[in-house]
Amino acid sequence: MKAKDYRSDLDPVWCSGCGDFGVLKGLTQALADLEIAPERLAVVSGIGCSSRLPGYTRSYSFNTLHGRALPIASGLKLARPDMTTVVVGGDGDGFSIGLGHLPHAIRRNVDITYAVLDNGLYGLTKGQASPTTPRDVKRRQHMAGEADEPLNPLMIVLSSGCGFVARTHAGNLPHVREMLRLAIAYRGFAFVQVLAACVTFQAPGYANELFARTAMLPADHDPGDFMRAVEMARSDQFMLGVIYRKDASP
Ligand code: SF4
């Protein structure tokens, strides 16, 4: 099957230029690479702009409650271990109201892939600051600048014992495809942070500044080295690639 065969008949209602398009494309390409049968695929989300994504896939798609995609996907996978299960959602959905579910999904190590489309704001509700909004960023919604320190999602998942941790950027489609392919193929809970642009509510130039802060992991990076992974997760640059990986049993 080809990537287009994993698309539903629905046309995305995302704003033109939204980073979520790249993730939808990269995900369908990864699914085609892995030759996953659509009738053996479940794509689950919470609420938000990026949480519309399951409906655009040819799968058993499930748009659940705000922040509740992980426990629902975990139950689905436990009941139907034959289903490849992918969870998608935004940083507000996953790192605010849904954050309490993340360490528990990780410690249960259910074999699901969790891709967070992280644009550093709540897009669906018009651009409020999210847990990953960088400090001092000024937008129409908070003109004085964001006062709080952002969460570091990679540190949260690493410290919770996640066996597969990767980061990519929605503007780099081949890399999105590769990271999602590796995550879905990984046997255990896999986490992928996808840095994405919100062209409507981010300040002009923010997307370019974000992209300029990204860098590929060094060629000699050993994803089995936990302390090195922590170092990469704490870098001032957004390091892209498989930051940490260990063998896991579902
Ligand atoms: Fe994408 Fe932002 Fe538009 Fe939502 S508001 S669809 S995140 S560009």
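The side chains of glutamate 231 and arginine 228 form a salt bridge with an N to O distance of 2.7 Å, a salt bridge being a side-chain nitrogen of Lys or Arg within 4 Å of a carboxyl oxygen of Asp or Glu. The model is predicted, with local features requiring pLDDT of at least 70 and side-chain atom pairs pLDDT 80 or more, whereas totals for chains, interfaces and linings use all residues. Residues are numbered from 1 along each chain as its sequence is written, and side-chain values use heavy atoms, with hydrogens and water left out.

Both glutamate 231 and arginine 228 belong to helix α8 (residues 226-233), where they are three residues apart, about one turn of the helix; helices are DSSP runs of H or I with at least four residues, numbered from the N terminus. Glutamate 231 is partly exposed at 45% relative accessibility, as is arginine 228 at 25%; partly exposed lies between buried, under 20% relative accessible area, and exposed, over 50% (1.4 Å probe, protein chains only).

Salt bridges that share partners also join Asp33, Arg177 and Arg181 into one network. Within it, arginine 177 pairs with aspartate 33, their closest N and O atoms lying 2.8 Å apart. Arginine 177 is in helix α6 (residues 173-185) and aspartate 33 in helix α1 (residues 20-33), so this pair ties together parts that are 144 residues apart in sequence. Arginine 177 is partly exposed at 31% relative accessibility, and aspartate 33 is partly exposed at 33%.

A further salt bridge links arginine 80 to aspartate 82, with the closest N and O atoms 2.8 Å apart. Arginine 80 is partly exposed at 38%, and aspartate 82 is partly exposed at 36%. By the stated rule, the count comes to seven salt bridges.

Terms used:
Helix = DSSP H or I, 4+ residues; strand = E, 2+ residues; numbered from the N terminus.
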